[in-house]
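Subject: Structure for your review

Dear colleague,

Please find below the sequence and the structure that I am handing over to you. My notes on what was found follow directly after.

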Amino acid sequence: MTTTAVSTTAARIGAQPHVVVIGAGIAGLTAALRLRRAGARVTQVTKGLGGIQLSQGTIDILGYTPDRVSRPLDAIDDYAAAHPAHPYAKIGSDAVRQGVAFLRDVAGEEFLVGDGEENVNLPTAVGAVRPTALIPPSMTAGVLHDGLKVVIIGTAQLKDFHPMLVAQNLERTVLPDGGRVQARAVMTDFEPRPNEFDASGLTFARALDDPKTRRAFAEGLKGFVNEGEAVGLPAVLGLDDHQAAIAEISSIIGAPVFEISSLPPCVPGMRLNEKLVTTVKTERVEFILGSKVIGRTAADGKITSVTVGVAGHKREIACDAVILAAGGFESGALRLDSHGTVHDTVLDLPVKLPEGIDADTLTHEDYWGKPQPLFEVGVDVDSSMKVIKDGVPVFDNVYAAGGVLAGATRWQDKTGEGIALGSAVKAADAVLAGLPVAAPAAQTAERN
Ligand SMILES: Cc1cc2nc3c(=O)[nH]c(=O)nc-3n(C[C@H](O)[C@H](O)[C@H](O)COP(=O)(O)OP(=O)(O)OC[C@H]3O[C@@H](n4cnc5c(N)ncnc54)[C@H](O)[C@@H]3O)c2cc1C
């Protein structure tokens, strides 16, 4: 394997410091854009698209403590005080608030509504009730409340969505505030493309981008809807032309329509991901997709370059600061070896195990019981998101954000996106505070 050194530091382009962000999930995209908007030169290196693609397109801040949380932003600091190892103890509610506001500003109301102050209840693909904080506008008519009447409509060709299961479970559920929903189900037939009997959500969404197809789809549903009902449909109502699709379908049916997210890849997550990735590219973050960070060089207590492996070739990207936003086990950033040791596969930083846990107790066999301690392994940070070991920075210029942070079972307390947003804001702001970044207006002619 050959190696090329690409001098992308401040030295090459003038005074502007160069920050490398590793990963393109919600943490990496938020950090990259925040740095860029403040005037930094940013290269975002990612081996693949992040977890937003797989997610439901909603933003969880804090769902359970384990009791259901109504006001997530207000609850963060108490939750952190009770769970000092949780990333929220370092991040704090202010940074999460700023992260939510930043994301709302970037995504806009076409992609996310809500301000994070209140959790709403959404139906899941199995008809359970899930608290979440920010949601796509296409889900607002499905926010569950006492007296809501819904008809859940599926099509036989979309095998992953089961309207009867959704409706039956909703019917028998008592909402957290004691209310109830009336729900019934209808199964229809609709081939998104001629003779397509077994379609994925993505195929459906692409088909419904076509105005002719979506009109035929909506016309076919009209007769199934009763007065006063909102219509729950699988979350496939258009991909690129979603706004027009949902408006037209709702108008033809003559009732409020809402989407229910199903299996990954999840179309609302894909829409949000596309919006964020397009924004970082448009705002001239250098976005390098399909490139895995496989190492780094260090000198004088700092990482001076990251090594990127690209198709039989190594590339050195020189940098002034690094934000590791490479996710956790699910993205391959963390790996458990056969000796029970967990590794950061990206920069080889030390990882922290939960208190009282060692290699032999990282997992337990009560699979339906408590969460595995393994889930809480990750890198440790101080309150500026600088990576530390035993309280001391590992490098002076290396920060971490998102799912790589130690201390949370994110899908259980529903803090994954809140952690990612708050830590990305903190890490980006700490980088900016430590580097001589010029104001954005002064660098408009610059290449980045
Ligand atoms: C199955 C599942 C269900 C979940 N459910 C919930 C939920 O209901 N509620 C909730 O709050 N949270 C949930 N989470 C957690 C939530 O999805 C994550 O916390 C959040 O998406 C993490 O975002 P991130 O940006 O840190 O990482 P990711 O979205 O994982 O992005 C990591 C990025 O790093 C890149 N990368 C990895 N290694 C390298 C490398 N060596 N070089 C370059 N790039 C690299 C990846 O390609 C990717 O782009 C769930 C997670 C999983 C896996």
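Which residue has a polar backbone atom 3.0 Å from a nitrogen atom of the ligand? That residue is Lys 47. Please keep in mind throughout that this is a predicted model.

**The ligand and its surroundings**

An oxygen atom of the ligand lies 2.7 Å from a polar backbone atom of Gly 51. With Asp 60 the side chain is involved: one of its N or O atoms is 2.7 Å from a nitrogen atom of the ligand. The ligand taken alone exposes 1000 Å², and the protein buries 82% of that area.

The ligand is surrounded by 31 residues, the closest being Gly 48, Gly 51, Asp 60, Gly 403 and Gly 416. Sorted by class, this shell holds eleven nonpolar, 13 polar and seven charged residues. At least two shell residues come from each of α2 (26–37), β3 (41–46), β11 (292–299), α10 (410–413) and α11 (416–434).

Between α10 and α11 there is a loop, and Lys 414 is found in it. Lys 414 has a positive phi, near 60 degrees, and is a residue other than glycine. With a relative accessible area of 18%, Lys 414 falls under the 20% limit and is therefore buried.

**Strands**

Strand β14 (residues 321–324) directs Ala 321 and Ile 323 to one side and Val 322 and Leu 324 to the other, and all of these residues are buried. β14 has a parallel pairing with strand β2 (residues 18–22), made over four bridges. Within that pairing, Val 21 has Ile 323 of β14 as its bridge partner. β14 also pairs with strand β20 (residues 398–400), again in the parallel sense, over three bridges. Here Leu 324 stands opposite Ala 400 of β20.

Strand β6 (residues 149–155) is largely enclosed by the rest of the structure, because six of its seven residues are buried. Its parallel pairing with β7 runs over seven bridges. In this pairing Lys 149 has Gln 182 of β7 as its bridge partner.

Leu 334 belongs to strand β15 (residues 334–336), and its relative accessibility of 3% makes it buried. Although 45 residues separate Leu 334 from Val 379 in sequence, their C-alpha atoms are 9.4 Å apart in space.

**An aromatic cluster**

Four aromatic pairs were found in a search of the whole structure. One of them joins Phe 190 and Phe 204; this pair is tilted, because the ring centres are 6.3 Å apart and the planes meet at 45 degrees. Phe 190 lies in the loop between β7 (182–188) and α6 (201–208), while Phe 204 lies in helix α6, so the pair ties together parts that are 14 residues apart in sequence. Both Phe 190 and Phe 204 are buried.

Phe 190 also forms an edge-to-face pair with Phe 217, at 5.2 Å centre to centre and with 65 degrees between the planes. Phe 217 is buried, as is Phe 190. Through these ring pairs, Phe 190, Phe 204 and Phe 217 are linked into a cluster.

Two other residues belong to this part of the chain. Thr 203 is in helix α6 and is buried at 16% relative accessible area. The side chain of Thr 203 makes a polar contact of 2.7 Å with the side chain of Ser 200. Asn 195 sits in the loop between β7 and α6. In contrast to buried Thr 203, Asn 195 is exposed, with 58% relative accessibility.

**Backbone geometry**

Most residues other than glycine have a negative phi, and most peptide bonds are trans. Asn 195, which is not a glycine, has a positive phi of about 65 degrees. The peptide bond from Thr 65 to Pro 66 is cis, with omega near 25 degrees. Pro 66 is located in the loop between β3 and α3 (72–82).

With kind regards

Terms used:
Residues numbered from 1 in each chain as written. Predicted model: local features only at pLDDT ≥ 70, side-chain atom pairs only at ≥ 80, totals over all residues. Heavy atoms only, no water. Buried < 20%, exposed > 50% of the residue type's maximum accessible area, 1.4 Å probe, protein only. Pairing = 2+ DSSP bridges. Near = heavy atom within 4 Å. Polar contact = N/O pair within 3.5 Å; in protein donor to acceptor, adjacent residues only side chain to side chain. Areas by Shrake-Rupley, 256 points an atom, 1.4 Å probe, with all protein chains shown as cover. Nonpolar A, V, L, I, M, F, W, Y, C, P; charged D, E, K, R; others polar. Phe/Tyr/Trp six-rings, centres within 6.5 Å; stacked < 30°, edge-to-face > 60°.
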